[in-house]
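The stops below say what to select and what to look for.

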Amino acid sequence: MHSLIVIAHPEAGSYTHAVAEQVIGGLKDSPHNTYEIADLTAEDFDPRYTAADYRAFRDGTAPPADIVAEQARIDRADLLILIFPVYWWSLPAILKGWIDRVFTNGWAYIDAGGEDTTRLLGRLAVQTIAIGGATQRTYHKRGYAQAIQTQIDQGIFGYVGARMVGSELLLPLDAASSQAGLQRAREIGANLTSAIRDGKGV
Ligand SMILES: Cc1cc2nc3c(=O)[nH]c(=O)nc-3n(C[C@H](O)[C@H](O)[C@H](O)COP(=O)(O)O)c2cc1C
């Protein structure tokens, strides 16, 4: 199984990166797993939707070269793993821009107008790990947990036909929950191989 691990945090020493390391550690438990890391900040990914992106969307022409390269990385992967901090109850801008620019009409889906959508990424499995700073109580009281799931699992990956294997929300509020989050990340990494094999999903 080949995974593309997308990390969207500006600081290499962050908790988000530590979570990514644990997921990778878990993936490595299965000897045949391979992976590629897309550290969007380190790679200087430009999340701004450009006029060239828009022309490709409007006219159905090829997207810019940086986007074709990103799509090729996803094409090589069986599993896409997104690891990101929650910013304003949503994706951080760099990751939102990555989705906006990379999941193009014609490659991720074909929109024939109205509800007539062809979903092109049915072969792709997806695991997300979001990391937040608020309490579980706030997430549930305000409906943020459900909102994030609706937006990302259904709104993005459901739309393109990808299969959600899991969407995790880690809330490292103190030493104990931080440690538990890292353990959970390791467990997720270790379980992904069998989850994909057995067709499990959320
Ligand atoms: C710009 C910004 C917006 C944030 N918005 C939220 C939010 O809406 N909900 C939340 O739970 N945490 C929010 N946080 C907290 C981050 O999610 C949290 O600090 C981060 O996930 C901790 O991981 P890190 O140490 O890897 O940064 C925000 C942080 C920043 C910098």
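Select Thr-117 and display what surrounds it: beyond its neighbours within four places in sequence, Thr-117 is in contact (heavy atoms within 4.5 Å) with Tyr-109, Ile-110, Asp-111 and Tyr-159. Thr-117 belongs to strand 5, residues 117-119. Strands (E, at least two residues) and helices (H or I, at least four) are DSSP runs, numbered from the N terminus. Thr-117 counts as buried because its relative accessibility is 16%; buried means under 20% relative accessible area, exposed over 50%, and partly exposed in between, with a 1.4 Å probe and protein chains only.

This is a predicted model, in which local features need pLDDT of at least 70 and side-chain atom pairs count only at pLDDT 80 or more, while totals for chains, interfaces and linings use all residues. Residues are numbered from 1 along each chain as its sequence is written, and side-chain values use heavy atoms, with hydrogens and water left out.

**Two helices**

Next, select helix 3 (residues 65-76) and helix 4 (residues 93-102). Their axes, which are lines fitted to C-alpha atoms over the stretch in contact, come within 10 Å and cross at roughly 95 degrees, on a scale that runs from 0 to 180 degrees between N-to-C directions. Helix 3 and helix 4 are therefore roughly perpendicular (65 to 115 degrees) to each other. Show side chains where they meet: Asp-66, Ile-67, Glu-70, Gln-71 and Ile-74 are on the helix 3 side, and Trp-98, Arg-101 and Val-102 are on the helix 4 side.

**Salt bridges**

What does Arg-73 form a salt bridge with? The partner is Glu-36, and the closest N and O atoms are 3.9 Å apart. A salt bridge here is a side-chain nitrogen of Lys or Arg within 4 Å of a carboxyl oxygen of Asp or Glu. Glu-36 sits in strand 2 (residues 34-39) and Arg-73 in helix 3, so the pair ties together parts that are 37 residues apart in sequence. Arg-73 is buried, at 10% relative accessible area. The structure holds 13 salt bridges.

Now select Glu-168 and Arg-184, another salt bridge, with closest N and O atoms 3.0 Å apart. Glu-168 lies in strand 7 (residues 163-170) and Arg-184 in helix 7 (residues 175-197), so this pair ties together parts that are 16 residues apart in sequence. Arg-184 is partly exposed, at 29%.

Definitions and conventions. Parallel < 35°, antiparallel > 145°, perpendicular 65-115°, else oblique.
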